[in-house]
Amino acid sequence: MIDKQVPFFKLVTQYMNSLNPSEKKVMGAFIQTLRADHKEYLLLKELFGFRLVELTEKSIIASVPVQPIIFNGMSMVSGGVLAALADTTMGELAAQIVNENQFAVTMDLSINFIAPGQGERLNISAKTIHIGKETLVMDCEIVNEQKNLIARAVATFFILSQEH
């Protein structure tokens, strides 16, 4: 029950002090996202612990720790999170490919879940299959630290100009 006599800042402070470390991380990421330019800081990337490992002209490798915040009810990485990781990684690569006055948005994403998302860390690698005038097609694999294939995705990105 919220006491309407207590100032808002005090309520927020009391709430934040009652959180466990995992909950504090989530709230910190949310607050950082509210403060940041969305092009440089995305909530999902922060919550998932997304880290860029390598980026070339036609490929990308990223990594995330396997942690409870990305689990489903069976203590394995959620399929929705795996799809978001694939989309985010391919989107990072797409952003590097398009011209300065363009951006790419996901037009289609297809993912196959091969094995349970378990382990210590997931590595997400993506490569460009096709670069057209209006579309990009990318392929993505998600593996755990033992190199077991967890999921494979293919996405098409639509290239838009800044005027849209």
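Biologist: In which helix is T88 found?

Modeller: This is a predicted model, in which local features need pLDDT of at least 70, side-chain atom pairs count only at pLDDT 80 or more, and totals for chains, interfaces and linings use all residues. Residues are numbered from 1 along each chain as its sequence is written, and side-chain values use heavy atoms, with hydrogens and water left out. Helices (H or I, at least four residues) and strands (E, at least two) are DSSP runs, numbered from the N terminus. Residues 79-97 form the helix that holds T88, helix 4.

Biologist: Is T88 buried or exposed?

Modeller: Buried means under 20% relative accessible area, exposed over 50%, and partly exposed in between (1.4 Å probe, protein chains only). Because its relative accessibility is 18%, T88 counts as buried.

Biologist: Which residues does T88 contact, leaving aside neighbours within four places in sequence?

Modeller: Contact means heavy atoms within 4.5 Å. With those neighbours left out, the partners of T88 are K45 and F50.

Biologist: How far apart are the end C-alpha atoms of helix 4?

Modeller: The expected span of a helix is 1.5 Å times one less than its number of residues. Helix 4 has 19 residues, so it should span 27 Å. The model agrees with this, as the end C-alpha atoms are apart by 27 Å.

Biologist: How many strands are in the protein?

Modeller: From the N terminus on, the elements run α-α-α-β-β-α-β-β-β-β. That order goes with four helices, and the number of strands is six.
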